[in-house]
Amino acid sequence: MVRQLMLKAVTCWAVACFSSGALVPCMLHAAEGAGGDYDQVRAGLIADFGSRKPTEWGVSVDGVATRLATEERVIALTLDACGGTKGSGYDAELISFLEQQNIPAMLFVNARWIDANSAAFLKLAGNPLFTVANHGLRHRPASVNGRGIYGINGTRGVAELADEIWLNAEKIHGMTGKRTQYYRSGTAYYDEVAVEVAGRLGHRVIGFSVIGDGGATFTKEQVKAALLASKPGAIVILHMNHPGKGTAEGVKAAVPLLKDRGFRFVDLAEFPLDGAGRR
Ligand SMILES: [Zn+2]
């Protein structure tokens, strides 16, 4: 009975969080603060989603927000910090430029990146210009059946998926006191059931409408061209974990031109969201 009540509350509050766009903690967060039990919540998620068979797989499946729901000339930057042996750098030049320009960004941080950059992470988390968001515990594609992409195995089931999201959220909360409310999986791939599970754990899934740096493989000119193609309400995906690649220089080249065209850079959290999904 306790579990049922808690899960019912989780569902209600998670929906309220997302539909209003307000910065309201979901009920799981509130339940935890009141002594709630993640193990119980996870068992409930397995009961509710464990038999579901996903039909979609990709970066913009049902439920993934891919743009801001506005026709204003606004752009939201999102920066991933993926971690791992080849992805634990810190692009101080990019962050410094955003600070100088007073440009907000949502930072999707992975647990491995936090471990490798704890001082920088805490500094970023304390800067009101930036919103810390969840990029998973082990940087796995978000799957309920182990489906992968780019040779990276997805989470093998609901339990592993829940851990992927929640244990990184807990890590961030433990270090900063802040609860993440936005999630992007490692590789940004999902099935639609996984997106629902993320929602029940209090996280809106954030995709993108502009691939800004091709996983930090683009040259400066490619990054610049990608950003200049942004339409009103664009969500741009970039990376802040590969210093010395084209990302920072490309952003620095594109920003003044976009401003000349009447664009302004905004905090994603301040806008209603739109995309392939309708949740
Ligand atoms: Zn990543």
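## Helix α8

In α8 (192–200), the buried residues are E192, V193, A194, V195, E196, V197, A198, G199 and R200. Here a residue is buried if 20 or more other C-beta atoms lie within 10 Å of its own, exposed if 12 or fewer, and partly exposed in between, with C-beta atoms placed from the backbone. Nine of the nine residues of α8 are buried, so the rest of the structure largely encloses this helix. After α8 comes G202, with a positive phi near 85°.

## Model and overall make-up

This is a predicted model, in which local features need pLDDT of at least 70 and side-chain atom pairs count only at pLDDT 80 or more, while totals for chains, interfaces and linings use all residues. Residue numbers start from 1 along each chain as its sequence is written.

The protein chain has ten helices and ten strands. These are DSSP runs numbered from the N terminus, helices being H or I with at least four residues and strands E with at least two. The chain has 279 residues, and 49% of them count as buried. Among its contacts with a separation of 6 or more, 80% are between residues 24 or more positions apart. Two residues are in contact if their C-beta atoms, placed from the backbone, lie within 7 Å.

## Helix α7

Helix α7 covers residues 158–176, and at 1.5 Å a residue its 19 residues should span 27 Å, which agrees with the 27 Å between its end C-alpha atoms. The expected span is 1.5 Å times one less than the number of residues.

Buried positions in α7 are V158, L161, A162, E164, I165, W166, N168, A169 and I172. An α-helix has 3.6 residues a turn, so residues three or four places apart point the same way. The cover over the buried residues of α7 includes α3 (38–49), α5 (111–116), β4 (130–134), β5 (182–183) and α8. G177 follows α7 and has a positive phi, near 80°.

## Helix α10 and its partners

Helix α9 (residues 220–228) and helix α10 (residues 247–260) have axes that come within 7 Å and cross at roughly 35°. Axes are lines fitted to C-alpha atoms, for helices over the stretch in contact, and angles run from 0 to 180 degrees between N-to-C directions. On the α9 side, K220, Q222, V223, K224, L227 and L228 take part, meeting T247, E249, G250, V251, A253, A254, L257 and L258 of α10.

Helix α4 (residues 92–101) also packs with α10, at an angle of about 25° and with the axes 8 Å apart. That makes α4 roughly parallel to α10, a term for angles under 35 degrees. This crossing is left-handed. E93, L94, F97 and Q101 in α4 meet T247, A248, V251, K252 and V255 in α10.

Most residues other than glycine have a negative phi. H139 is not a glycine, yet its phi is positive, about 65°. H139 sits in the loop between β4 and α7, and counts as buried because it has 21 C-beta neighbours inside 10 Å.

A216, also a residue other than glycine, has a positive phi near 65°. A216 lies in the loop between β7 (210–211) and α9. With 22 C-beta neighbours inside 10 Å, A216 counts as buried.

Technical notes:
Angles under 35 degrees count as roughly parallel, over 145 as roughly antiparallel, 65 to 115 as roughly perpendicular and the rest as oblique. A crossing is left-handed if the near helix is turned anticlockwise from the far one by less than a right angle, and right-handed if clockwise.
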